[in-house]
Amino acid sequence: MANQPELPPFPSADPATASCHLLALPEGVGADEVEALAVSRFLAAGWDAAAAAGRAHSGGRRPRGVAAPRVLRLSRHSRLVGPYAFGPADAARFGLPTSAVTAFVVEAPHERGDPPYPGGDRDGLGRAFSDGMPVRDEERVAHWLVAAARRLGGSVRIAGSGVVLTPPAEAVIDLTVYSDVWLEPTAALAVMKRVMPRARLAMDPVPWAGPPPGTGTREVPGAAGLSDALRKNLHAEADAYDVAALSAPDELTGYGVEAEMGIDGLLVLEAAGEDVVPLVLSALPWAANGAIAYRVRWQAPDFQELELERPSLAHRVARGRALPLVSALTREVHHAVGGEVVDAAEFLVDPADL
């Protein structure tokens with residue numbers, strides 16, 4: 001087998017590099033993994049046929065045996081250039097972790113809107129774009145960069161502010177199984193009890209307390225002019241409609257199963273039909289017209305901490321105990337209904353990794 005060409009050196013001295021977002025990745029992450037995440041979220045994603053970057057990111061004249069930087073198109077306006085070899089000096093210059101060994105330069109329009117609203121900022125984007133949040137294409141790219149960095153163990157450097165985001169992989173643990181198989185509530189309960197024996201259906205009906213006080217005591221305008229025959233026909237039609245509605249089987253469109261986790265919160269399985277599936281599943285024949293989504297969620301004791309970039313130690317400990325339960329329940333659901341598993345970022349998850 002022929003030797004693989006070396007990656008081109010990172011163009012740290014190029015002034016244009018500092019004006020672009022950067023995606024830095026650790027050892028063992030290949031360009032094909034980045035491509036797989038790109039096609040999961042961007043309809044036009046793919047490698048450009050031309051190998052050269054076009055801008056100064058080509059790094060000038062290349063020594064023999066050094067590959068040209070590639071171009072991974074995200075959308076009509078945005079693309080990734082790389083991967084480049086990324087060394088400790090590059091990391092120090094851009095404030096990125098020294099664990100990064102490759103990097104992509106992200107060429108995207110800078111489109112900013114209003115400053116971030118106060119409140120949760122789980123991904124740190126409000127901190128990184130404190131003067132104005134990204135909108136349109138840059139917003140989509142920025143959210144994808146953070147999600148890709150979380151999935152691949154990398155970091156993102158935001159142009160302008162220079163803020164470096166290194167989202168921990170365990171910060172978002174919810175998973176979803178998409179399938180064309182519908183589990184009845186009792187069957188789903190049995191599946192969840194394999195993981196949480198004290199699980200229960202969250203479908204207790206709310207008792208009807210009757211009509212609001214005063215209903216029927218006030219005459220409706222126009223009702224006095226109805227003839228006895230017409231009034232009798234209206235009552236008969238209403239009674240017939242009620243009988244038909246009560247005798248027809250209930251049409252269940254969704255349900256939930258839950259299990260208490262004590263001080264660690266609640267483990268929830270929600271099932272419902274969805275007309276639109278994630279892009280990564282849209283080409284599958286069985287998902288062309290929608291699918292059944294089985295969402296496995298962890299409800300934290302304090303739901304507000306879910307949106308914090310740096311939640312409390314108690315939250316992180318509870319999340320750590322919830323993570324294997326989310327994985328185990330997702331594995332059991334997939335075993336029961338098949339289909340595909342995606343994470344909260346709508347990236348595919350191999351069931352063998354659960």
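**Ground rules.** I number residues from 1 along each chain as its sequence is written, and side-chain values use heavy atoms, with hydrogens and water left out. As the model is predicted, local features need pLDDT of at least 70 and side-chain atom pairs count only at pLDDT 80 or more, while totals for chains, interfaces and linings use all residues.

**Overview.** I found eight helices and 14 strands in the protein. Both are DSSP runs numbered from the N terminus: helices are H or I with at least four residues, strands are E with at least two. Of the 354 residues, 40% count as buried, meaning under 20% relative accessible area with a 1.4 Å probe, protein chains only (exposed is over 50%, partly exposed in between). The accessible surface comes to about 19700 Å², and 55% of that belongs to carbon and sulfur atoms; these areas come from the Shrake-Rupley method with a 1.4 Å probe.

I looked up the strand order and read β2-β3-β4-β5-β1-β6-β7, an open sheet of seven strands with antiparallel pairing. Its edges are β2 (46-47) and β7 (164-165); each has a single partner strand, so one side of each is left without a neighbour in the sheet. Two strands pair if DSSP finds at least two bridges between them, and β2 and β3 are joined by two. Trp47 has Leu72 in β3 as its bridge partner. Helix α2 (residues 31-41) packs on this sheet, touching β1, β2, β3, β4 and β5, at about 20° to β3. Touching, or contact, means heavy atoms within 4.5 Å. For the angles, axes are lines fitted to C-alpha atoms, for helices over the stretch in contact, and run from 0 to 180 degrees between N-to-C directions.

**Helix α5.** I followed α5 across β1, β4, β5, β6 and β7, where it runs at about 15° to β1. How many of its 17 residues are buried? I get 12, so I call α5 mostly covered. Among them are Asp137, Glu138, Trp144 and Arg150. Just after the helix, Gly153 takes a positive phi of about 75°.

I found Ser78 in the loop between β3 and β4, buried at 2% relative accessibility. Which side chain does the side chain of Ser78 meet in a polar contact? That of Asp137, at 2.4 Å; such a contact is a pair of N or O atoms within 3.5 Å, and within protein one must be able to donate a hydrogen and the other to accept it, with residues adjacent in sequence counting only if both atoms are side-chain atoms. Ser78 also touches other residues, including Glu107 and Val141. Glu107 sits in strand β5 and is buried at 8%, and its side chain makes a polar contact of 2.6 Å with that of Arg79.

**The other sheet.** I read its order as β9-β10-β11-β12-β8-β13-β14, again open and antiparallel. The edge strands β9 and β14 each pair on one side only. Five bridges join β8 to β12, and Ser179 stands opposite Ile292 in β12. Helix α8 (residues 313-337) lies across β8, β11, β12 and β13, at about 160° to β12.

Key:
Lists of a residue's contacts leave out its neighbours within four places in sequence.
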